[in-house]
Amino acid sequence: MGNNVEGFSLGDAVFGYLGSTFGANAQYLCINSKKWVAHKPDNISFEQAAAIPYGALTAMSLMQKLPLQAGQHLLVNGASGSIGSAVVQLAKYQGAEVTAACSERHKEYLNRLGADHWLDYRQAKENWPNKAYDAIFDVLGKCSFEQANTSLKPGGTLFCASFKGRHLWRSLAGNKGQAWRVKCALASYSQANLTEVARLITEGVLTPEVSKSFPLEAIAEAHRCKEGGLGSGAVVVLPGQ
Ligand SMILES: NC(=O)c1ccc[n+]([C@@H]2O[C@H](COP(=O)([O-])OP(=O)(O)OC[C@H]3O[C@@H](n4cnc5c(N)ncnc54)[C@H](OP(=O)(O)O)[C@@H]3O)[C@@H](O)[C@H]2O)c1
């Protein structure tokens, strides 16, 4: 630990996130103590602590940009992934009604996270609920404008965490005569939000879910497991085991 580090002591258990830097997997990191590192909550293991910051921090930052009011109905399209599962938990904490859209194999997981309703994103858009949602949080940018038009209430928001040119254009150009709008946003990562994530884990609001863990030697298998999308929750790599 450097001489000028404040707020941490040697041997403290910490967790954190370096943003989308796409670095290698490593056992040791040198990290700025004023950025993206916080005390690990006592009620979770290091393995669980590795699972949560990417999804929870991205979800928290994006939801601050949505934003959502208590009592509003949110559809999370892509609810079973790292970001979506955190959005579901944060939205419930904020007092929203939440519909989780994901595959049927993840329905029970979303129930466990507190989602009020479940929707299979594969079903035809005609079967999506009519004028039901104040906002759709679209994790992968898969919700078509037709689906949004069917399902959003007047004044509602199609909030895109992943987007193409047409989303961005609609986001910048306004609602173009539609009763709903498109909003595209990029997450920003901060130590303040990481500290808030730690608090919410301690209070049991956010639950880290580990699908499977792999030693560093099995890194290719770990990637295959995540890309296969079979389990619910994160795939964790355990260097040094
Ligand atoms: N805006 C930002 O700042 C920001 C930051 C980070 C990442 N991102 C974006 O977030 C995305 C990754 O999110 P993630 O890490 O949460 O992914 P993830 O863990 O891989 O989860 C993907 C989710 O999408 C669902 N899904 C798959 N196909 C779908 C479809 N056709 N329609 C609706 N949902 C579908 C999956 O459901 P099932 O598994 O149940 O089928 C799962 O819930 C990337 O596109 C990335 O670019 C954006």
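Modeller: Threonine 157 is buried, with a relative accessible area of 7%, where buried means under 20%, exposed over 50% and partly exposed in between, with a 1.4 Å probe and protein chains only. This is a predicted model, in which local features need pLDDT of at least 70 and side-chain atom pairs count only at pLDDT 80 or more, while totals for chains, interfaces and linings use all residues. Residues are numbered from 1 along each chain as its sequence is written, and side-chain values use heavy atoms, with hydrogens and water left out.

Threonine 157 has its place in strand 7; strands are DSSP runs of E with at least two residues and helices are runs of H or I with at least four, numbered from the N terminus. Its side chain makes a polar contact with the side chain of arginine 181, at 3.1 Å. A polar contact is a pair of N or O atoms within 3.5 Å; within protein, one atom must be able to donate a hydrogen and the other to accept it, and residues adjacent in sequence count only if both atoms are side-chain atoms.

Strand 7 (residues 152-160) also holds phenylalanine 159, which is buried at a relative accessible area of 0%. What follows concerns its ring and the other aromatic pairs. A search of the whole structure finds four aromatic pairs; rings of Phe, Tyr and Trp (its six-membered ring) pair if their centres lie within 6.5 Å, and planes under 30 degrees apart count as stacked, over 60 as edge-to-face and the rest as tilted. The rings of tyrosine 17 and tyrosine 189 have centres 5.2 Å apart and planes at 70°, so this pair is edge-to-face. The pair links distant parts of the chain, 172 residues apart, since tyrosine 17 belongs to the loop between strand 1 (14-16) and strand 2 (37-39), and tyrosine 189 to the loop between strand 8 (181-184) and helix 7 (191-202). Tyrosine 17 is itself buried, with a relative accessible area of 16%. The rings of phenylalanine 137 and phenylalanine 159 likewise form a pair, with centres 5.2 Å apart and planes at 40°, so the pair is tilted. Phenylalanine 137 lies in strand 6 (residues 133-138), so the pair ties together parts that are 22 residues apart in sequence. Phenylalanine 137 counts as buried, at 0% relative accessibility. Ring pairs also link Tyr17, Tyr54 and Tyr189 into a cluster.

Tyr54 leads on to the ligand, as it is among the closest of the 24 residues that surround it, together with Ser80, Ser103, Tyr121 and Ala187; a residue is near a molecule if one of its heavy atoms lies within 4 Å of it. By class, this shell has twelve nonpolar, nine polar and three charged residues; Ala, Val, Leu, Ile, Met, Phe, Trp, Tyr, Cys and Pro count as nonpolar, Asp, Glu, Lys and Arg as charged, and the others, Gly among them, as polar. Helix 2 (53-65) and helix 3 (82-93) each supply at least two residues of the shell. An oxygen atom of the ligand is 2.7 Å from an N or O atom in the side chain of histidine 106. A backbone N or O atom of isoleucine 83 lies 2.9 Å from an oxygen atom of the ligand, and a backbone N or O atom of alanine 185 lies 2.9 Å from a nitrogen atom of the ligand. The protein covers 75% of the 960 Å² of accessible area that the ligand has on its own, as computed by the Shrake-Rupley method with a 1.4 Å probe.

Helix 3 also contains glutamine 89, which counts as buried at 7% relative accessibility and whose side chain reaches the backbone oxygen of serine 85 at 3.0 Å.

There remain the backbone angles. Most residues other than glycine have a negative phi. Tryptophan 36, however, has a positive phi of about 60° although it is not a glycine; this residue is found in the loop between strand 1 and strand 2 and is partly exposed, with a relative accessible area of 21%. Lysine 131 has a phi near 45°, again a positive value in a residue other than glycine, and lies in the loop between strand 5 (117-120) and strand 6, where it is partly exposed at a relative accessible area of 40%.
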